[in-house]
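This report describes one protein chain in plain terms. Please look at the sequence and the model first.

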Amino acid sequence: PYKVVIIAKPHLSFSEKDKFVLDQYLMQGGRLFVLMDAVNITLDSLRSNNQTVGLYSDVNLGDQLFKYGVRVNPVVVEDVQAGRILINVPTKGEPKLVPVPWLYSPLLSVSPNHSITRNINLVRGDFTGTIDTTGNDMHLYREVLLRTSQMTKVTQTPVFVNMMDVNKQPDRAQFSHSFLPVAVLQEGVFPSVFHNRQVPAGLIMGTRKVKDHSITTRMVIVADGDIIKNEVRFKETKPRIAPLGYDEGTRQVYGNKDFVVNAVNYLCDDEGWTALRNRSLTLRLLDRDKVSQGANFWKWLNLLAPLFIILLGSGIFVIWRHKKYGK
């Protein structure tokens, strides 16, 4: 009965039973919205220890996504186009929070051509990975929804991150990658990862048969689980939930919420209503020569025409009253 299944930043490994259920759900025409990190690293661990190591996070979905045509790479990107975080810089013995650029929070560019990302703000990520597409013979429609900027650095696992990196100027020679895909939309017919494989033990299929190929369906894969996660801070034991995509350094809200909502709406949409977001209105410019030549005429017309219409209507009304009540 579910239109979309959202897999939001999983930490535990998926069992073969879970993978089989997701696979056959997709084969029946279900839609998947997967947001996952291939590298396990968080900003909270950095704030408590000032340094941390990001290791490969295997949740046992790699082979399944690879079969569907995508691979989430175990890397972390740094981007010159980045958000900001607050760093405590003591001044005369008093703490002071200063916003500084944080290269591990890329501001991802959106595709202007698709209804999911059209006319939305940049999307803020945290310890973002990259995506490669596989299976060029699958004849799928693909669209890159989110990508990095023109100056991006890619670090393979293990990733060593230190809070003191905010004091370093980025070496532009190392930021040699450009426009790396972070979120991809796929539409079409997908092969089953359980084709020619045994059904996991413990599942009762009844009269149902394992489907080898799906009907036409859709999925969105994002190489960053933090895009859908709200930041939570505790003040006097009360949680303060920040808006989705909130940048504490600039106090700006980026387009994370719009991206997530639009993606879910698009995946749920069977009638094509979300395609209306692709409509564009073209404002026609005035002919400057005609405007300059006839400017006085149109000014006087706009001034006198309303007065003439009002006087004409008043005259007609007075004549009508005189004819009706004059006797």
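Predicted model: local features only at pLDDT ≥ 70, side-chain atom pairs only at ≥ 80, totals over all residues.

Residues are numbered from 1 along each chain as its sequence is written, and side-chain values use heavy atoms, with hydrogens and water left out.

**Confidence**

The predictor gives each residue a confidence from 0 to 100, called pLDDT. For the protein the mean pLDDT is 88, and 96% of the residues reach 70 or more. Confidence is highest in β2, at 97, and lowest in helix α5 (residues 288–293), at a mean of 74. Helices (H or I, at least four residues) and strands (E, at least two) are DSSP runs, numbered from the N terminus.

**Nonpolar cores**

In soluble globular proteins, nonpolar side chains tend to be buried together. A nonpolar core is here a set of buried Ala, Val, Leu, Ile, Met, Phe, Trp, Tyr and Cys residues joined through side-chain atoms within 4.5 Å. Buried means under 20% relative accessible area, exposed means over 50%, and partly exposed lies in between (1.4 Å probe, protein chains only).

The largest nonpolar core has 27 residues, and L32, Y68, V72, F190 and I221 have the most contacts inside it. At least two residues of this core come from each of α1 (16–27), β2 (31–35), α3 (62–68), β5 (70–73) and β15 (217–222). With 5 residues, α1 gives the most to this core. Contact means heavy atoms within 4.5 Å. Not counting residues up to four places away in sequence, Y68 touches several residues, among them D23, L26, L32, F190 and M219. A second, separate core has 21 residues, including F33, L35, L146 and F259.

**Two helices**

The expected span of a helix is 1.5 Å times one less than its number of residues. Among the buried residues of α1 are F20, L22, Y25, L26 and M27. The buried residues of this helix pack against β1 (4–8), β2, α3 and β15. After α1 comes G29, with a positive phi near 105°.

Helix α6 (residues 295–325) has 31 residues and reaches 45 Å from its first C-alpha to its last, close to the 45 Å expected. α6 bends by about 25° at L304, and P306, a proline, follows within four residues. The bend at a residue is the angle between axes fitted to the seven residues ending there and the seven starting there.

**Strands**

Strands of a sheet pair through backbone hydrogen bonds, either parallel or antiparallel. Two strands count as paired if DSSP finds at least two bridges between them.

An open sheet is formed by 3 strands in the order β3-β4-β13, with antiparallel pairing. Its edge strands, β3 (39–40) and β13 (159–162), each pair on one side only. The table lists pairs of strands.

| Pair | Bridges | One facing pair |
|---|---|---|
| β6 and β12 | 5 bridges | V76 and T155 |
| β4 and β13 | 4 bridges | G54 and V159 |
| β3 and β4 | 2 bridges | N40 and L55 |

How many of the residues of strand β6 (residues 75–79) are buried? The count is 5 of the 5, so β6 is largely enclosed by the rest of the structure. V75, V77 and D79 lie on one side of β6 and V76 and E78 on the other, and all are buried. In a regular strand the side chains alternate between the two faces of the sheet.

**Two single residues**

V110 lies in strand β8 (residues 97–110). Its relative accessible area is 21%, so V110 is partly exposed. Leaving aside neighbours within four places in sequence, V110 is in contact with T117, I120, N121, V123, L145 and L146. V110 and R147 are 37 residues apart along the chain, and their C-alpha atoms are separated by 6.7 Å.

A201 is in the loop between β14 (181–188) and β15. A201 is exposed because its relative accessible area is 69%. The C-alpha atoms of A201 and W320 are separated by 92 Å, and these residues are 119 residues apart along the chain.
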